[in-house]
Amino acid sequence: METNKTHTTYTTPQAFTGARDESFRDTIATVDGDGKRRFIFPKKPKGKLYNLRTLASLVYLTIFFSLPFIRSGGHPLFLFNVVERKFILFGQIFWPQDFFIFAIGFLTFMVFVILFTVVFGRVFCGWACPQTVFMEMVFRKIEYWLDGDASAQKKLKELPWNAFKIRKRVTKMAVFYAISFIIGNWALAYVIGMENVVKMVHDGIGAHPVTFSTLIGFTTVFFFVFYWFREQACIVVCPYGRLQGVLLDRKSMVVAYDYTRGEPRGKLKKAGTLDTGDCIDCAACVRVCPTGIDIRNGTQLECINCTACIDACNDIMTKINRDLGLIRIDSEENIARGNKKLFTGRTRAYSALLVLLLGVLVTLLVTRRDVDATILRTAGQIFQTQADGRLSNMYSIKLANKTRRDIPITLKVENLPGEIGLIGTNVVALKEAYFQTPFFVKIPRSAIHARKTPIVIGVYEGDKRIRKVETTFFGPGY
């Protein structure tokens with residue numbers, strides 16, 4: 001059974017003199033002719049770009065494992081507590097009332113992804129995606145250490161089940177599951193905080209069975225993805241690769257094979273000469289690809305721009321005394337025409353929209369209030385006449401304190417000669433909590449001239465007004 005496969009492939013007819021084999025379009029490297037999974041055993045990459053990826057991954061992993069320990073004002077620097085609907089970004093607490101900020105932030109991120117993909121292809125996938133970083137820079141490196149390079153892994157797979165193979169498999173599974181468990185704990189720390197994770201460890205499994213069961217579930221999912229599912233997460237599950245056909249064009253910068261220089265392919269002669277293009281059809285670029293594709297067929301949805309093929313090809317070009325860059329990060333238009341123009345009209349439009357959204361997001365963050373106040377007149381109640389002749393209405397105030405300190409609140413009528421009458425104790429908005437209490441607004445009858453009179457109530461912290469709320473005051477009809 002053949003599996004249909006979508007490609008974004010640009011080809012200049014003049015670049016090739018003969019008919020091309022297009023059969024690669026009908027299959028994917030990870031599925032055989034019977035529709036069964038074909039496991040990929042990529043050769044261990046080496047080269048300048050791989051070293052840069054390793055360095056970038058070390059920075060990435062250092063940040064990932066360090067952030068839960070960094071605290072600001074006694075709280076985590078980042079927290080994504082979905083259960084309690086509490087989020088902390090760069091030490092700032094965000095509550096459900098700030099959802100619109102997240103909406104703008106998410107929209108900004110999506111536009112950034114589109115813009116970045118249009119210009120630079122899937123560089124994010126190969127260099128910064130958590131799936132790729134953990135798979136290629138953690139689990140794959142450990143696999144090379146435990147099982148050897150690609151040839152040794154293939155031999156191990158073909159071996160019958162004996163004591164040696166069982167020992168190898170059990171060791172790798174144990175190591176992979178242990179690392180997945182560590183990743184699961186750190187992921188949990190981003191939800192509930194590292195101090196709570198440590199506390200749960202001290203309390204033991206019996207004290208937190210639900211949390212522990214959830215942790216084991218996520219650990220098993222991580223283990224399954226990195227031990228067995230692997231590149232299928234990028235090919236089958238991740239929608240980002242599917243977006244290539246919509247977002248990429250001839251001007252997009254991607255990992256590309258220079259067919260104008262490499263074709264037609266030929267074998268290197270003993271004298272070191274080539275009568276054909278620079279590509280000697282060594283398939284070094286295919287052997288190191290973690291998704292098993294041949295980049296010489298053009299841009300494909302499986303390509304994550306990891307640049308392993310660039311290092312492999314450059315190594316071969318060095319050995320045969322040819323210029324580097326037969327495979328490089330470039331655009332189809334640059335390869336075909338030598339055009340170095342990067343920014344197109346569409347890119348400029350995306351950039352302008354991104355700058356606008358970033359401006360809106362920064363404005364929302366800067367003007368974000370520490371205390372949200374909602375004042376509603378009590379439904380179903382009309383005005384009351386006090387003993388001194390003044391009219392009163394009953395209201396309810398709901399406060400959301402987003403700070404890490406208790407805030408004493410004072411209420412004042414701003415636009416009319418009125419008085420606030422509290423029911424019970426003083427109003428104190430507790431830190432990181434909601435507070436709600438009823439109160440009366442008393443206004444002289446002489447100041448009320450309509451059935452509904454607009455009033456403005458100021459919410460003060462000491463002498464500082466932190467909110468101004470507009471509502472209505474009910475009085476007798478005139």
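In the predicted model, Pro-264 lies in the loop that runs between helix H11 (259-262) and helix H12 (284-287). The peptide bond leading from Glu-263 into Pro-264 is cis, and its omega is near -10 degrees. Arg-230 is a residue other than glycine with a positive phi, near 50 degrees.

At the level of domains, the assignment for the protein gives domain 1 as 25-69 + 121-337 and domain 2 as 371-474. The centres of domain 1 and domain 2, taken over C-alpha atoms, are separated by 60 Å.

Helix H2 (residues 99-120) packs against helix H15 (residues 345-366), with axes that come within 9 Å and cross at roughly 155 degrees. Angles over 145 degrees count as roughly antiparallel, and H2 is therefore roughly antiparallel to H15. The crossing of H2 past H15 is left-handed. On the H2 side, the contact is made by Phe-100, Ile-101, Ile-104, Gly-105, Leu-107, Thr-108, Val-111, Phe-112, Ile-114, Leu-115, Val-118 and Val-119. Their counterparts in H15 are Arg-346, Thr-347, Tyr-350, Ser-351, Leu-353, Leu-354, Leu-357, Leu-358, Val-360, Leu-361, Leu-364 and Leu-365. By residue class, the contact of H2 with H15 comprises 19 nonpolar residues, four polar residues and one charged residue.

Two open sheets were examined. Strands of a sheet pair through backbone hydrogen bonds, in either a parallel or an antiparallel sense. One of the sheets consists of three strands in the order E3-E4-E5, with antiparallel pairing. Its edge strands are E3 and strand E5 (92-94), each of which pairs on one side only. Neighbouring strands in this sheet are turned against each other by 25 degrees on average, with direction ignored.

Within this sheet, strand E3 (residues 78-81) and strand E4 (residues 86-89) are joined by four bridges and pair in the antiparallel sense. The bridge partner of Leu-79 is Ile-88 in E4, and that of Phe-80 is Phe-87, also in E4. E3 and E4 form a hairpin with four residues between the two strands. In the turn of this hairpin, Arg-85 has a positive phi of about 55 degrees.

The other open sheet has four strands, arranged in the order E13-E11-E15-E16 and paired in antiparallel fashion. Strand E13 (427-429) and strand E16 (464-474) are the edge strands, and each pairs on one side only. On average, neighbouring strands of this sheet are turned by 35 degrees against each other, direction ignored. Strand E11 (residues 407-413) runs antiparallel to E13, and three bridges join the two strands. In one of the bridges, Ile-407 has Ala-429 of E13 as its partner.

Definitions and conventions:
Residues are numbered from 1 along each chain as its sequence is written. This is a predicted model: local features need pLDDT of at least 70, side-chain atom pairs count only at pLDDT 80 or more; totals for chains, interfaces and linings use all residues. Side-chain values use heavy atoms; hydrogens and water are left out. Two strands pair if DSSP finds at least two bridges between them. Axes are lines fitted to C-alpha atoms, for helices over the stretch in contact, and angles run from 0 to 180 degrees between N-to-C directions. Domain bounds come from an automatic or database domain assignment. Angles under 35 degrees count as roughly parallel, over 145 as roughly antiparallel, 65 to 115 as roughly perpendicular and the rest as oblique. A crossing is left-handed if the near helix is turned anticlockwise from the far one by less than a right angle, and right-handed if clockwise. Contact means heavy atoms within 4.5 Å. Ala, Val, Leu, Ile, Met, Phe, Trp, Tyr, Cys and Pro count as nonpolar, Asp, Glu, Lys and Arg as charged, and the others, Gly among them, as polar.
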